[in-house]
Amino acid sequence: MAVGDPTVAVLEQAPARRGRRWLAAVGEFCRERPLGAVGGALIVVMVLVAVLAGWLAPYDPLATDYGAMFSPPGARHWLGTDAFGRDGLSRIVYGSRTALFVGLGASFIGGTLGLVLGVASAYFGGRTDLLLERVMDVLLAFPLIILALAVVVILGTGAVNVMLAIAIPMLPRCARVVRSSALAIRELPYVDAARAAGFGHARIIFRHMLPNVMAPYLIMLTAFLGQAILLEASLSFLGLGVQEPVAAWGLMLRGAAVEFAETAPWMGLFPGLAISLAVFAFNLFGDSLRDALDPRLRIQ
Amino acid sequence: MARYVVKRFLLMIPTLIGVAVLIFLLLRVIPGDVVEVRFVAQGQFTSQDVLQIERAKLGLDQPLWKQFVTWMVGLLRFDFGVSMWTGAPITEEIKLRFALSLQLSLMATAVATLLAIPLGVVAALKQDTWVDYVVRVFSIAGLAMPSFWLGILMILGFLIVFRWLPPMVYTPFWVDPWQNLAQLVWPALAVGWRYSAVATRMTRSAMLEVLREDYIRTARAKGLWLKLILVRHALKNALLPVMTVIGLEFAFLLGGLVVTEQVFNLNGLGLLFVEAIAHRDYTLTQALVLLVAFVFILVNFLTDVAYAWVDPRIRLR
């Protein structure tokens, strides 16, 4: 291939141009939706804390120090220690890993299964649609926390099981939203064209319909993330989620944090603050993302 | 309209049956049963024969389909049966706790509505100004704070600032209204704030949509008083989706306040559910789930009918 071949030049430029377009889109999002930008920045910080936990945490989150039980926040332990003398800050820093792992996993599994079922339901229509819709109705009628509770009791506790328990109640919610978007897309000419061209169902669903319902899917995904983190904290608080000695925010609020709330308030204060800040960030970001992607609400 | 209502009403039945089948099977998948849990709790060693006799007493030796049919036939006669753990009739077990949960849900819903509608309207009118931002941050903050943590903070705050604690023992409203309210107002505020978030967001976006309709411009062009346009023309039309959201949340509150009840030491349906499932009390858990699901499905039905009544296009679909 000769040097100076125009196609090569174009090909080499393409990634750079795409990168710049992404940057421009992010810049526009930040300018028009300052609240969403704040949420996004908080999420980036949280992800960094989770990734760099080994560097950031001053102590081993599991190391007990019976000489320093219930120490108030101070120079040695910035956020105090718990009933076993474990460092509060280190446990919160490592707890972000648990929260992100369960949150991301649960919303990804629940959201993606919901996406596939929602699109399939809309695409096939008729009896399949009716049947799937009734199944979703049944799942929706179960209160979220009660369904999660029942699943945890069946599967057992632990981070992975909690993730699945949270994913299941999220599935029908995503399926509902995606289905209604997919119903509109099914009527569009290009889907008819694909069918007329003799493509199989799987190909039409995955190649032609899924890419076009990405906006509602992404919105549901970010909305779930905050909820999933909160549900994990609630289940752990009830003793049905992540188990000791793993560092998890909901777990830190359990037991001694409530019993000694008056004498050692830092034990309950900081983990709750961490949960609130994390969920706040995801909700703020998701909210703005929805505004940005929903054309009906664009600023006019 | 009548045809639509009947059709929509009949659609409730398969959903309820589905819920019944699901919880019935879900419970049988959980390892252990009520007999084992009881003997383990008593710390006795017992032979398999004794366990089998106990199971036979509760009808657990019957084939699954027979147990299910027995339950369904009982339901048709409004007979929920007896709790497998205590032996008391389930209606008795649920009654007082249902009263508590119902009162708390109603109070929390009232708090949520009173917060959501004014805040949502203001946020919509001042879209993308600092007022809008403050409202959104306030409501999202409510959504982000775990209600059990907020509960701990509230109790701690009372203790430190006022040296006072809300009453921790439940008194029915008809016995001592003041004592009752002094206990339930706090969880209602904590939960209400949280649940106002979704409704606020709904009010805001519904108002934004309605305010762009032609008839609002017409009303303004006629020179109508702005407040009148807002209340009579805009809010009235924006309220339907808001009422739906609030109704559905109410249904969730009834059985979903498991964690809040724990913090505020309330003996409601949520706690009863956790106990029932821990005891493997099949009959009680089934009755509870079906009750909560029924309220949810009923609210869903009512909102759908309300929609069809307002918007005739839906009836014809």
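A crossing of two helices is left-handed if the near helix is turned anticlockwise from the far one by less than a right angle, and right-handed if clockwise. This is a predicted model, where local features need pLDDT of at least 70, side-chain atom pairs count only at pLDDT 80 or more, and totals for chains, interfaces and linings use all residues. Residues are numbered from 1 along each chain as its sequence is written, with chains lettered from A and ligands numbered from 1 in the order in which they are written.

**Exercise 1.** Describe how helix 9 of chain B passes helix 10 of chain B.

*Solution.* Let's start with the axes (lines fitted to C-alpha atoms over the stretch in contact, with angles from 0 to 180 degrees between N-to-C directions). Those of helix 9 (residues 214-221) and helix 10 of chain B come within 10 Å and cross at roughly 155 degrees. The two helices are therefore roughly antiparallel (an angle over 145 degrees). Next, the hand: helix 9 of chain B passes helix 10 of chain B in a right-handed crossing. Finally, contact (C-beta atoms, placed from the backbone, within 7 Å) involves B:Tyr215, B:Ile216, B:Ala219 and B:Arg220 of helix 9 and B:Ile229, B:His233 and B:Ala234 of helix 10.

How values were computed:
Helices (H or I, at least four residues) and strands (E, at least two) are DSSP runs, numbered from the N terminus. Angles under 35 degrees count as roughly parallel, over 145 as roughly antiparallel, 65 to 115 as roughly perpendicular and the rest as oblique. Two residues are in contact if their C-beta atoms, placed from the backbone, lie within 7 Å.
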